[in-house]
There are 2 protein chains.
Amino acid sequence: MSEFNNVTIVKAANVYFDGKVTSRTVILDDGSKVTLGIMLPGTYEFGTDGPEIMEILSGDLNVKLPGTEVWQEIKGTGTFNVPGNAKFTVEVLNVTDYCCSYSTK
Amino acid sequence: MSEFNNVTIVKAANVYFDGKVTSRTVILDDGSKVTLGIMLPGTYEFGTDGPEIMEILSGDLNVKLPGTEVWQEIKGTGTFNVPGNAKFTVEVLNVTDYCCSYSTK
């Protein structure tokens, strides 16, 4: 799916890490939320409230998920799941475009 | 208007200047196009096809429009118009969040 139809998008961006990570919030027609974001090179720790599904649309990054010391490498596209109430670390090597989906549960 | 309703958003980002300028394309319900973008600090020259209306949602930048050597300063919010088939320069001092509207004519 290359686009989302019949959605609401919040105009103002979400800005983190001095703008090195930014995203836009999109509410889909089923009421669920996704954010479409960009990460520039750098290392970032994120925290989750609920579970998240991170779809990498394009990029080059390493991901360390909660409960592991193993880095998962993503070049190009990929997906990873993060549990709720957790922290994860990403090491972004090249500009990375992502879509993050949030559980509505 | 803090959000756009009933729109289509293209998932993949538009990436310029090594990711220091990125945007997402949104098609409004009247068929017109806007892009929601982020510019990180730096100096950038842009070219237009058709006329554009640049609404600065938040930021700190100087703008030099076509046909002038005068820099216009925008701190916080502001709007400027760019004619079609022209070049303009922005000097971004702090992370800048914008909404660019494109004429459908």
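**Two chains, one axis**

Q: What is the relative accessibility of B:G50?
A: B:G50 has 29% relative accessibility, so it counts as partly exposed. Buried means under 20% relative accessible area, exposed means over 50%, and partly exposed lies in between (1.4 Å probe, protein chains only).

Q: Wait, what sort of model is this, and how do I read the labels?
A: This is a predicted model: local features need pLDDT of at least 70, side-chain atom pairs count only at pLDDT 80 or more, and totals for chains, interfaces and linings use all residues. Residues are numbered from 1 along each chain as its sequence is written, chains are lettered from A and ligands numbered from 1 in the order in which they are written, and side-chain values use heavy atoms, with hydrogens and water left out.

Q: Okay, back to B:G50. Where is it in the chain?
A: B:G50 is in the loop between strand 5 (42–47) and strand 6 (52–64) of chain B. Strands (E, at least two residues) and helices (H or I, at least four) are DSSP runs, numbered from the N terminus.

Q: And what is B:G50 in contact with, leaving aside neighbours within four places in sequence?
A: B:P83 and B:G84. Contact means heavy atoms within 4.5 Å.

Q: How are chain B and chain A related?
A: Turn chain B by 180°, with a shift of 0.0 Å along the axis, and it lies on chain A with an RMSD of 0.0 Å. That is the relation of a two-fold axis. The copies are superposed by least squares on the C-alpha atoms of residues with pLDDT of at least 70 in both.

Q: Which C-alpha of chain B is nearest the axis?
A: That of B:N6, 2.2 Å from the axis. The same surface serves both copies, since 100% of the contact residues of chain B recur in chain A.

Q: How much area do the two chains bury between them?
A: About 2,300 Å², with 60% of it on carbon and sulfur atoms. Buried area is the accessible area (1.4 Å probe) that two parts lose on being put together, summed over both. On the chain B side, B:I9, B:K11 and B:R24 lose the most area to chain A, together 31% of what that side buries.

Q: How many residues come from each chain?
A: The contact takes 29 from chain B and 29 from chain A.

Q: How many salt bridges are there between the chains?
A: Four. A salt bridge is a side-chain nitrogen of Lys or Arg within 4 Å of a carboxyl oxygen of Asp or Glu. One pairs A:E55 with B:K11, whose closest N and O atoms are 2.9 Å apart.

Q: Which element of chain B gives the most to the side that touches chain A?
A: Strand 1 of chain B, with eight residues.

Q: New topic. How many disulfides are there?
A: Zero, over all chains. A disulfide is a pair of cysteine sulfur atoms within 2.5 Å.

Q: Last one. What is phi of A:N6?
A: Near 55°, a positive value in a residue other than glycine. A:N6 is in strand 1 (residues 3–10) of chain A. Most residues other than glycine have a negative phi. A:F17 also has a positive phi, near 50°. A:F17 is in the loop between strand 2 (14–16) and strand 3 (21–27) of chain A.
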